[in-house]
Amino acid sequence: MTTAATSAERRAQIKGIICDILEIEPSDMTGTSRFKEDHEADSMGAIEILSNLERTYGIDLDQSVLPRMVNLDAVVTVVDEAVAAK
Amino acid sequence: MSALVFSTWSAVSPYGVGSEPFRTGIQAGRSAIGALDRAAFPGPFTEGALVPDFNAADHIGRKGTRTMDRVTGIAVTAVGLLLADGGPELTSRPEETGLVLGTGSGSVQSIMDFTRDSLVGERPYHVDPARFPNTVMNRAAGQSAIWHGIKGPNTTIAGGRLTGLTALSYAARLHRGGHCARVLCGAAEEYSEQRAWLEWHGRDGDDRTSPLGEGGAVFLLETAEDARAAGRRVRARLLTTRFRAFAEPSDARAALAECVRDALKQAGARAGEVRVVAPAETGGHLAGTEEAAIGDVLGSAGPRLLGSRALLGDTSAATAGLQLAAVLSLLDDEETPPGALALVTAVDRDGTAGCALLAAATNEES
């Protein structure tokens, strides 16, 4: 079960992880700013984000979800689905 | 005789970041060995010689350094210092510039940490992919070139305490074969708890507790003509390098003596012309071997011995690289006669002996 509170907490945590990997300030990232186009992410950065989320939440993310993970909103959705499927 | 001279060089050492702190530290004979921060560096040693407060981000910027390990940070920083010192001309022909960097096993800390994460994590693949590049031996050499846009041949050399010398030999061959117009050559080593334990278990005799050091040195090898044209001062000429293998520690002395004799012979030099010798001061069963071999060839009243182990600790793969830097520091001295010879020697417990013969710049060269 995901309450509104834990969901917001997780979103903030995911944002921290991604900003750390992309080496940007959290204030520069919005829910829809795009990692590749707006934050200069490369394919290695995408793999890093996926791998870090797997370890942090104990989930398995198939690499086929990578194309969906273009911004924070999309990543939160992918993680929420994977956590729900655990 | 080699066509190459040493011009610009840099060091990241327990004396600090840059060739200047290194030069003054060596010339003053000041020891950089101190108590280790046991919280940061647990392990078998209480003392060591670390690059003080080293953080690569302070020298090369925060972006891209987050997942860089310590030895890579040392190497990238040292190469950056050299390029800054060498001037813009140095990076104007990146395809013609080679990079030969010596290392131990790469970073044993990175290798062990990554392997452990895979074993203790929930899944074997729950590892940090960004840290994987640190686990390969050529990470420091590769990253140094990528970071600074050096596009010529890129080589990683490992040869124990001889590493700086074998890298030098390789770099000279690379140039002689026409594979690059100039070559950056050096060696780097990091301090870590993991390396400390490996040394502790691997050493022999009474050498076990002698403190470890870390650091790196990088040299620009080019022709004297190129150095002059670019306005870079010639510090010394590389005359030659020599190597031998030995099966038993008792054969090391003869092996090294043969290297030194051969080097002198090839350079057409007499023993008496050698002013300074920098030995690796390899310990354990090989302790005293180098000094004995040097005495065999150069005589008992021989040259000044410039050992730096008491100052910098045992810097393993960086040993001979830092010895070369120490020799260049000393040749910089105004009292050094032009053309004076300097010798760097090393023996390793793996059964290798080697030396490099250098000549201080002559008046025409400098």
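What percentage of the 86 residues in chain A do buried residues make up?

## Chain A

In this predicted model, buried residues account for 42% of the 86 residues of chain A. The chain contains 4 helices and 0 strands, and its elements follow the order α-α-α-α from the N terminus.

The C-alpha trace of chain A extends about 35 × 25 × 20 Å along its principal axes. Its radius of gyration is 12 Å, which agrees with the value near 12 Å that a compact globule of 86 residues would have. When contacts in chain A between residues at least 6 apart in sequence are considered, 50% join residues at least 24 apart. The accessible surface of chain A amounts to about 4700 Å², and carbon and sulfur atoms contribute 51% of this area.

## The largest pocket

The largest pocket has a volume of about 520 Å³. It is lined by 21 residues, and those closest to its centre are Ile21(A), Glu23(A), Asp42(A), Glu48(A) and Gly64(B). By residue type, the lining comprises 8 nonpolar, 6 polar and 7 charged residues.

Three helices each supply at least two residues of this lining: helix 1 (4-22) and helix 3 (43-57) of chain A, and helix 5 (139-148) of chain B.

## Helix 5 of chain B

How many of the 10 residues of helix 5 of chain B are buried? The count is 8, so this helix is largely enclosed by the rest of the structure. The buried residues are Arg139(B), Ala140(B), Ala141(B), Gly142(B), Gln143(B), Ser144(B), Ala145(B) and His148(B).

The cover over these buried residues includes helix 3, strand 5 (97-102) and strand 6 (154-157) of chain B. After helix 5 of chain B comes Gly149(B), which has a positive phi near 70°.

## The second largest pocket

The second largest pocket has a volume of about 400 Å³. Its lining consists of 18 residues, and Met68(B), Asp69(B), Arg70(B), Gln109(B) and Arg131(B) lie nearest its centre. The lining divides into 5 nonpolar, 6 polar and 7 charged residues.

Helix 2 (56-60), helix 3 (70-86) and helix 4 (108-120) of chain B each provide at least two lining residues of the second largest pocket. Helix 4 of chain B gives the most, with 5 residues.

Gly354(B) is located in strand 14 (residues 352-360) of chain B. Is this residue, Gly354(B), buried or exposed? Its relative accessible area is 0%, so Gly354(B) is buried, the cut-off for that class being under 20%.

Which residues are in contact with Gly354(B), leaving aside its neighbours within four places in sequence? They are Leu162(B), Leu165(B), Arg242(B), Phe243(B), Leu256(B), Cys259(B), Val344(B), Thr345(B) and Ala346(B).

Technical notes:
Residues are numbered from 1 along each chain as its sequence is written. Chains are lettered from A and ligands numbered from 1 in the order in which they are written. This is a predicted model: local features need pLDDT of at least 70, side-chain atom pairs count only at pLDDT 80 or more; totals for chains, interfaces and linings use all residues. Side-chain values use heavy atoms; hydrogens and water are left out. On a 1 Å grid over the protein atoms alone, a cavity is a set of points where a 1.4 Å probe fits but cannot get out, and a pocket is an open set with protein on both sides within 12 Å along at least five of seven lines; lining residues have an atom within 4 Å of a point. Grid points are joined across faces, edges and corners, and a volume is the space filled by probe spheres set on the points. Ala, Val, Leu, Ile, Met, Phe, Trp, Tyr, Cys and Pro count as nonpolar, Asp, Glu, Lys and Arg as charged, and the others, Gly among them, as polar. The radius of gyration is taken over C-alpha atoms; the globule rule is 2.2 Å times the number of residues to the power 0.38. Buried means under 20% relative accessible area, exposed over 50%, partly exposed in between (1.4 Å probe, protein chains only). Contact means heavy atoms within 4.5 Å. Accessible areas come from the Shrake-Rupley method with a 1.4 Å probe; for residues, only the protein chains shown count as cover.
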